[in-house]
Amino acid sequence: MRRVQWLAVGLILIVVAAAALFDFRSPRSPHTTHAVSALIAPPPPDSRPSKVDYARLQQRIASLMQDRDMVGLAVGTVEHGRVRFLHGFGTTVAGSNEAVTPDTVFRWASLSKSVASALVVGLAADGKLSLDAPISRFRTTLTLPGDASRVTVADVLSHRVGLVRNAWDERLEAGEDPKQLRATLGTLAPFCAPGTCYSYQNIAYDTASEIVERVTGQGYATVARARLFGPLGMTNASIGSAGLEHAARWARPHRKGRVPVAVQEAYYRVPAAGGVNSSIRDLTRWMLAQMGRAPRVLSAQMLDTMHHPRVRTPPHGPRGAMDRALKDASYGLGWRSLNYAGHALVGHRGAVDGYGSLILFDPAEQSGIVMLWNSNQSKAARLQLEFFDMLYGLPRTDWLEVDKQAEDAEGGSGDAGRVRRR
């Protein structure tokens, strides 16, 4: 009898512990725990069937993976607040037998800008800073051409600092110190009056990491873990090359032709612009949080502040069919806003040598797709529109152009570059 009583007590303790872990009403601050917490709320009751044909989506991905430049790929989808698809394809290294899984770690590249935005906006929500404060108040290393006295924190996070596009990225890639580069950006000729136009940046954008460190007195990666990755249960998320290369399973970078290359350090040295790593499982959790499923970490007001379009982003150079289909492109704080087939979308894409990344979601529908891959191959990004065509019930479109390739291989004529609707 005593043994039965002890077993009963043990079961009660287990139940209590589980209840504590999944207590969404807990008053503890999400910024003080590193545990895998339950701060992403469970999906709302939803009896609607999936609109996406996942058997077809998987077939499309299988066709994409036949491309001579694809090595590994991880894909996650959410429909109406529910994770519907979470899979890995291909391998972590070309020619190996190590398969990509939902827990394989990749680089986020420029998706990292959304983490910087969330940290700065979170500090603003806590009353630690103002997004309208001039950058000069934070004593960062950033200098800018012209009259930059009114350039604000929000201007930095929305690429409105008046510099030519991607200012001195080539020098960063050549190994120069980003803080020294930031300190001499003011010697460049102004592209436009600061605060008046959009011009994409990496070195200047990383001023956000200095702001976070000045305000908190802690390292940027430490703050990201404490305020975001830990509370959201993003157990494989990290900042810096060590977080990638020390992961239990990580995808090695490749150039075209499936040629393996070394991990490039340059953009890890601007962590707010390109320093994050994670698995597709973690990136899916990040998308759920951006949909409002983790209000204790990212409140509705914070999300609106980040996602709200602030500046139009005119096209630069020739655009393919996918980019022409995504209309009304604007930039908020670390996020792009777009319109596809009459639906307002939020997202971002990223690329560094040997890696690609993507997130695109419909906040109103609580639905979206995330992707990570380990090659210099941009065509993979077109899968996002095949997902949204299914979600919205639109006519099928061969955005990936895998049908055309199959026809050409069989001797069909096919018009190069034409996207086929059927």
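This is a predicted model: local features need pLDDT of at least 70, side-chain atom pairs count only at pLDDT 80 or more; totals for chains, interfaces and linings use all residues.
**Exercise 1.** Determine how helix α2 and helix α14 are oriented relative to each other.

*Solution.* Start with the angle: α2 (residues 54–64) and α14 (residues 383–392) pack at about 165 degrees, and their axes are 11 Å apart. Angles over 145 degrees count as roughly antiparallel. The two helices are therefore roughly antiparallel to each other. The crossing of α2 past α14 is right-handed.

**Exercise 2.** Which residues bring α2 and α14 together, and of what kinds are they?

*Solution.* From α2 come Tyr-54, Arg-56, Leu-57, Arg-60 and Ile-61; they meet Leu-383, Glu-386, Phe-387 and Met-390 of α14. Sorted by kind, the residues of this contact are six nonpolar, three charged and no polar.

**Exercise 3.** Work out where the buried residues of α2 lie around its axis.

*Solution.* First list them: Tyr-54, Arg-56, Leu-57, Arg-60, Ile-61 and Leu-64 are buried. Viewed down the axis of α2, these buried residues fall within an arc of 155 degrees, so they line one face of the helix. Ala-55 and Gln-59, on the other side of α2, are exposed.

**Exercise 4.** Describe the setting of Ala-109 and of Asp-328.

*Solution.* Most residues other than glycine have a negative phi. Ala-109, not a glycine, has a positive phi of about 55 degrees. Ala-109 sits in the loop between β3 (105–107) and α3 (112–125). Its relative accessibility is 1%, so Ala-109 counts as buried. Asp-328 also has a positive phi, near 50 degrees, but belongs to strand β9 (residues 327–331). With 48% relative accessibility, Asp-328 counts as partly exposed.

Key. Residues are numbered from 1 along each chain as its sequence is written. Side-chain values use heavy atoms; hydrogens and water are left out. Axes are lines fitted to C-alpha atoms, for helices over the stretch in contact, and angles run from 0 to 180 degrees between N-to-C directions. Helices (H or I, at least four residues) and strands (E, at least two) are DSSP runs, numbered from the N terminus. Angles under 35 degrees count as roughly parallel, over 145 as roughly antiparallel, 65 to 115 as roughly perpendicular and the rest as oblique. A crossing is left-handed if the near helix is turned anticlockwise from the far one by less than a right angle, and right-handed if clockwise. Contact means heavy atoms within 4.5 Å. Ala, Val, Leu, Ile, Met, Phe, Trp, Tyr, Cys and Pro count as nonpolar, Asp, Glu, Lys and Arg as charged, and the others, Gly among them, as polar. Buried means under 20% relative accessible area, exposed over 50%, partly exposed in between (1.4 Å probe, protein chains only). The arc is that of the directions from the helix axis to the C-beta atoms.
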